Amino acid sequence: MDSKFFKLLLLGGAVRFYFCRTPLAPMIGNRVEFATPLNSHKRMQEGIFLLQSGIDPYLGDLVHESPLILSALSGLFQKYPHFLPIFYIILDICTAALLYAMSLRFVKQKQDLQDVERKEYAKDTEELQFGPLDKLDIPELVIVAYLFNPLTVMSCIGMTSTVISNLFLAFFFYCLVKGMLIPCLLVLAFETVRSFYPIVLIAPLLLVFSRNSVRRGVAIAVLFIVGCLIVAVANYFVLNSWNFLDGTLGFIFYFRDLQPNIGLFWYFFTEMFEHFRTMFLITFQLNATVLYLVPLSIKLRKEPLLLATVLVALMAVFRAYPSLGDVGFYLALLPLWKRCWKFMAHGFVVFTFFLVTLSMMGALWHLWIYAGSANANFYFGATLAFSTGQIFLITDLLFAHVKREFCLFNGQKILIDGEEARIVLK
Amino acid sequence: MYPVAFVLLLLVAFNAGANLGRDDERFHEELVVRPLSGDHVNTYFQFTTRWHYGEKDNLYHTQLTPRVIAELLQQFAVKELHIGLTQGLWRYETWGYPIVEATSGAEMWAWFSGANLTNRDVDSQWKALANVFSGVLCASLNFVDNTNSIAPRHLIRPQFMPANGQRFVRYATLPREIVCTENLTPWKKLLPCGSASGFASLLNSGHVHNTKYHSLGLKVRVLCEDHDEDNCIVELTQTANLVYDLRLFELSNNDFSLRRLFGMGLNGYCELAESSKIYVQRNELGERYQLVPEPVHEVKTTRGGHSVVYSVYDMHEQFKEAGERLFNVAWLAPKSANRRRNLAKPSLPPVTVHRYLLGHGQERGRIVTVVTNSHYDALPIMLQEVIPWYVHAYLHTLSIRRKPQRVNEYGRQRLPFKLLHYTPGKQRELPSHLEIGFMLPGQTSALISIDVDYLLLKWLEYPPDANHGHYIGSAIVSSQLPMGRNYSALPPEGHLFEHSFNATRPSYVLSLHTEALIVSLPTPDFSMPYNVICLACTVVALAFGPIHSVATKMIIVGRQTSAPKNFVKKIFNQIFRRGKAADEAAAEGEGSPAAGAAASDATGVASARPAISPGSPSGDQPLLEDLDEEEEEQD
């Protein structure tokens with residue numbers, strides 16, 4: 001915690017504060033790439049207004065925020081609407097600070113582990129090991145990647161509730177690395193009841209806390225379920241009705257709102273034949289949750305944090321209503337794996353994918369919705385390419401991790417008959 | 001607010017047909033002709049059937065009342081039913097208020113009342129009722145269901161009796177409905193004389209559908225005595241409200257006649273009718289016309305401080321003599337006014353409404369309703385909006401801004417709500433239903449606006465010609481006027497047009513319909529379903545493949561040179577290798593996995609045999625025995 005850290009936080013806050021006073025802020029708040037039916041600020045306002053007027057917000061299908069958040073924020077929204085941007089900026093800065101603290105701790109753990117394993121490593125692998133400078137570099141990179149990523153900045157000035165989700169996720173990561181079981185469980189249970197997909201993060205949590213004991217694992221799983229029930233019951237008491245379950249979890253699972261976003265769901269289910277809808281709905285939701293959960297948990301059981309990172313990233317690609325704020329969050333976690341970067345082959349491709357598709361999205365959206373000279377396919381193409389870019393990034397990270405592990409123990413240069421060998425998966 | 005006074009008024013309604021004895025059925029036909037400004041003529045037909053059915057086990061034996069109406073009362077707990085089928089827009093500013101209100105397209109509302117009736121029963125009865133009248137009137141009323149129906153809370157008031165018990169109301173509009181001949185013909189069949197004789201013979205579809213505005217209405221209500229549930233009257237009122245534009249007749253002057261308007265003169269009255277009368281408005285815009293033949297009777301009515309003079313032609317008198325064959329009335333304009341448009345406007349009605357959409361693009365917009373009060377005093381205003389489910393409305397953006405009538409800009413000044421009722425909409429299930437009430441000061445306009453989002457629908461939910469847009473039905477604005485200027489509606493307790501004569505009341509309930517709106521929702525490409533499914537699944541597979549291989553495959557080390565650089569050679573090599581490997585595998589028969597690995601050895605891959613060295617720190621790392629050996633050799 002040096003002065004640079006605080007300077008960065010202040011600078012990040014200042015950037016957000018500057019942009020939230022420009023006309024960019026309301027524009028971003030209305031962009032479908034940032035504001036989805038789940039996290040849009042306007043819907044949150046509507047929910048709080050309905051709650052204050054004594055109308056059950058979940059009777060309609062405009063509001064999908066959990067009742068606890070609505071009632072917690074209603075005072076702020078009603079009485080001090082001018083301070084809302086500041087509130088969101090503070091939340092975002094807290095997220096950055098938590099990520100910083102988390103990465104400090106993470107690098108330290110890694111270095112401790114390295115000290116134990118060092119004699120097993122191959123000779124020329126210094127650049128794959130966490131060096132003494134990483135203790136400063138990596139947390140700094142993480143915080144810079146979070147604070148100055150345009151995606152998170154815009155998500156914050158658009159006042160999407162992704163800011164709140166990111167805070168909870170950052171807290172989850174922090175507790176995970178710190179080894180605080182109960183706060184970790186509670187925040188995960190809360191996020192699960194709120195937006196369903198974080199349920200997959202139970203896997204890294206179990207890997208960290210069960211310590212290879214099945215009994216502990218079962219106990220933690222039971223605790224988690226109890227936590228979810230407690231959160232659900234607490235939500236129930238806000239309005240004394242269970243309508244919110246269908247309004248939040250049901251709405252996510254059944255994908256009722258086809259508003260375009262950066263994900264794969266919207267056009268797929270717009271164009272879906274009605275009799276296949278249920279099947280594909282289940283397929284896509286499985287794909288976003290359990291499909292990769294088990295294989296990756298087995299493969300990455302030694303690296304629960306990498307597992308969590310990959311799961312968060314996959315969630316941002318495959319969830320029903322993804323927003324660019326989710327993407328910004330997992331991008332900020334990538335510097336943790338700085339030592340894998342050497343093996344990441346598609347960096348340039350992914351960067352170009354991101355740059356081109358993100359700039360195309362705005363243009364194609366305008367052509368489709370306002371100019372009427374393009375149709376939905378154009379925008380769909382851009383979102384599809386964006387998802388592809390993200391998938392390249394995630395799989396690249398996984399491959400890089402596997403190769404790093406291999407090379408760490410076997411040396412970077414493997415020669416067969418005097419020639420450099422290729423490392424391939426088979 | 002009003003209902004109590006209303007019920008009291010309705011008590012009179014039961015006795016209004018005092019001469020109606022038990023088991024008595026009466027039929028009346030009326031025609032009102034009112035010249036309107038801008039060379040328009042309003043003709044209003046009203047056919048009223050009242051049946052005092054008393055204590056009957058069943059209502060299957062009807063005389064004048066259509067049997068479908070009688071059966072309705074037996075099948076459903078419906079006490080009051082209104083259906084309107086309209087084409088065109090009534091212009092309040094220039095035409096004043098109509099005798100019956102209607103919105104463009106189809107509109108329907110009904111009151112239900114009965115013992116042990118639940119909301120769910122009412123929902124199913126409402127749907128069944130709409131289906132019945134879909135068949136009876138050949139209209140698309142079968143599209144009325146829960147997705148476009150609401151239960152109005154304040155705005156629609158009952159006109160049946162007794163209305164003080166438990167009661168339910170449902171309301172729906174179908175603004176897309178196009179009204180045409182196929183609706184007029186079955187509507188005329190409900191009349192006792194059909195279209196054979198009487199005023200209905202004037203309603204020829206060719207002429208009716210040439211009008212600028214035509215509206216067919218059907219109203220059924222039941223009036224029972226409060227203390228005697230068996231002493232009931234069923235009242236069926238059929239109305240046809242038409243507005244002709246005289247300029248469309250291409251006449252040399254502004255003269256017109258029944259024959260000009262309807263294509264033929266009147267061939268007599270319906271023999272089953274108790275009364276058959278034509279009312280012609282003579283003052284205001286009717287003043288300049290000379291009538292041929294000269295009317296016998298004249299009625300002057302003063303209602304709420306506003307006087308109207310009607311000339312009355314009684315058909316029973318006109319056709320008393322056997323010789324009379326065709327009856328025609330001609331309106332002769334003074335010669336000096338020839339060829340000039342009659343631009344004299346009546347005084348502006350006290351309350352006028354307009355509605356429009358703000359914003360561009362297919363993403364979001366704002367629905368704006370403007371209510372103008374040109375009366376000098378404040379008026380209570382109620383507004384009912386039904387926003388269909390394919391448009392999301394944000395209640396927190398609802399605002400009422402006001403401005404004095406003469407000023408152009410709306411200020412920041414907000415009007416407070418006196419009353420707000422809102423049920424949020426749900427996609428594919430419920431429309432949003434909004435009712436607000438407020439006091440509108442005199443000489444002031446109110447601008448009521450609410451933000452909406454347009455939704456992307458499933459590709460099969462778009463109607464044919466998807467880019468035509470989707471309709472948002474008109475809003476209803478209701479008020480209570482302290483005076484009767486421009487007001488010609490029937491009082492709720494009356495059933496004939498003549499009951500509105502001299503019907504001075506403390507206040508007059510006015511309800512107006514705004515314009516319907518059309519929004520253009522974003523559309524998907526309708527030709528793409530297979531492509532989209534393929535492309536989206538491909539992207540999923542792009543993730544699945546690599547993650548699958550990371551999770552299941554193991555690392556092996558291969559010779560760099562094993563793959564030829566040349567693309568053609570690479571393919572050759574691939575084919576060759578596959579063939580060779582297959583041959584070798586076949587030759588070795590059921591070999592061990594190691595044998596298979598040996599086969600691939602030949603192709604340049606160093607080894608594929610995994611060996612998990614026990615005790616190694618990276619226990620899950622697939623390490624290669626051969627590889628270690630090779631390294632040792634090189635060392």
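**Entry 1: strands β2 and β8 of chain B**

I began with strand β2 of chain B, residues 40-52, and looked up its pairing with β8(B). The two strands pair in the antiparallel sense, over 13 bridges. I noted one position: B:F45 stands opposite B:A240 in β8(B). The model is a predicted one, and I keep that in mind for every entry below.

I then asked how many residues of β8(B) are buried.

**Entry 2: strand β7 of chain B**

Next I looked at β7(B), which runs antiparallel to β8(B) and is joined to it by 12 bridges. Here B:R221 stands opposite B:E235 in β8(B).

I also followed β7(B), residues 213-224, to strand β3 of chain B, residues 78-87. Eight bridges join these two strands, and they run antiparallel. In this pair I found B:L81 opposite B:V220 in β7(B).

I wanted the order of the strands in the open sheet of chain B. The order is β5-β6-β4-β3-β7-β8-β2-β1-β10-β13-β12, with 11 strands and mixed pairing. Which are the edge strands? I found β5, residues 149-150, and β12, residues 297-303, each of which pairs on one side only.

**Entry 3: the sheet of five strands**

I looked up another open sheet in chain B, made of five strands in the order β19-β20-β17-β23-β24. Its pairing is antiparallel. The edge strands are β19, residues 419-423, and β24, residues 508-513, of chain B. With direction ignored, neighbouring strands of this sheet are turned by 15° against each other on average.

I checked one pair in it. Strand β20 of chain B, residues 432-440, and β19(B) pair in the antiparallel sense over five bridges. The bridge partner of B:T423 in β20(B) is B:H433.

**Entry 4: chain B as a whole**

I counted 12 helices and 28 strands for chain B. Of its 635 residues, 41% count as buried. I also looked at contacts in chain B between residues at least 6 apart in sequence: 76% of these join residues at least 24 apart.

**Entry 5: helices α1 and α5 of chain A**

I turned to chain A and to its helices α1, residues 3-20, and α5, residues 84-117. They pack at an angle of about 150°, with their axes 10 Å apart. Angles over 145 degrees count as roughly antiparallel, and α1(A) and α5(A) are therefore roughly antiparallel to each other. The crossing of α1(A) past α5(A) is right-handed.

I listed some of the residues that make the contact. From α1(A) they include A:F5, A:L9, A:G12, A:R16 and A:C20. From α5(A) they include A:P85, A:I89, A:I93, A:A96 and A:Y100. By class, this contact has 10 nonpolar, two polar and two charged residues. A general point went beside the list: an α-helix has 3.6 residues a turn, so residues three or four places apart point the same way.

**Entry 6: helix α17 of chain A**

I asked how many residues of helix α17 of chain A, residues 324-333, are buried. The answer is 10 of its 10 residues. Among them are A:L324, A:D326, A:F329, A:Y330 and A:L333. What covers the buried residues of α17(A) includes α5, α6, α7, α8, α16 and α19 of chain A.

**Entry 7: where chain A touches chain B**

I looked up the contact of the two chains, which takes 58 residues from chain A and 56 residues from chain B. On the side of chain A, the elements that give two or more residues include α3, α13, α15, α18 and α19. The helix α19(A) gives the most, with 14 residues. This side of chain A divides into 33 nonpolar, 10 polar and 15 charged residues.

**Entry 8: A:N377**

I picked one residue of helix α19 of chain A, A:N377. Is A:N377 buried or exposed? It has 20 other C-beta atoms within 10 Å. The cut-off for buried is 20 or more, so A:N377 is buried.

I then looked for the contacts of A:N377, leaving aside its neighbours within four places in sequence, and found B:D525 and B:M528. Last, I compared A:N377 with A:F348: they are 29 residues apart in sequence and 26 Å apart in space, C-alpha to C-alpha.

Terms used: Residues numbered from 1 in each chain as written. Chains lettered and ligands numbered in written order. Predicted model: local features only at pLDDT ≥ 70, side-chain atom pairs only at ≥ 80, totals over all residues. Contact = placed C-beta atoms within 7 Å. Helix = DSSP H or I, 4+ residues; strand = E, 2+ residues; numbered from the N terminus. Nonpolar A, V, L, I, M, F, W, Y, C, P; charged D, E, K, R; others polar. Buried ≥ 20, exposed ≤ 12 C-beta atoms within 10 Å, placed from the backbone. Pairing = 2+ DSSP bridges. Axes fitted to C-alpha atoms, helices over the stretch in contact; angles between N-to-C directions. Parallel < 35°, antiparallel > 145°, perpendicular 65-115°, else oblique. Left-handed = near helix turned anticlockwise from the far one by under 90°.
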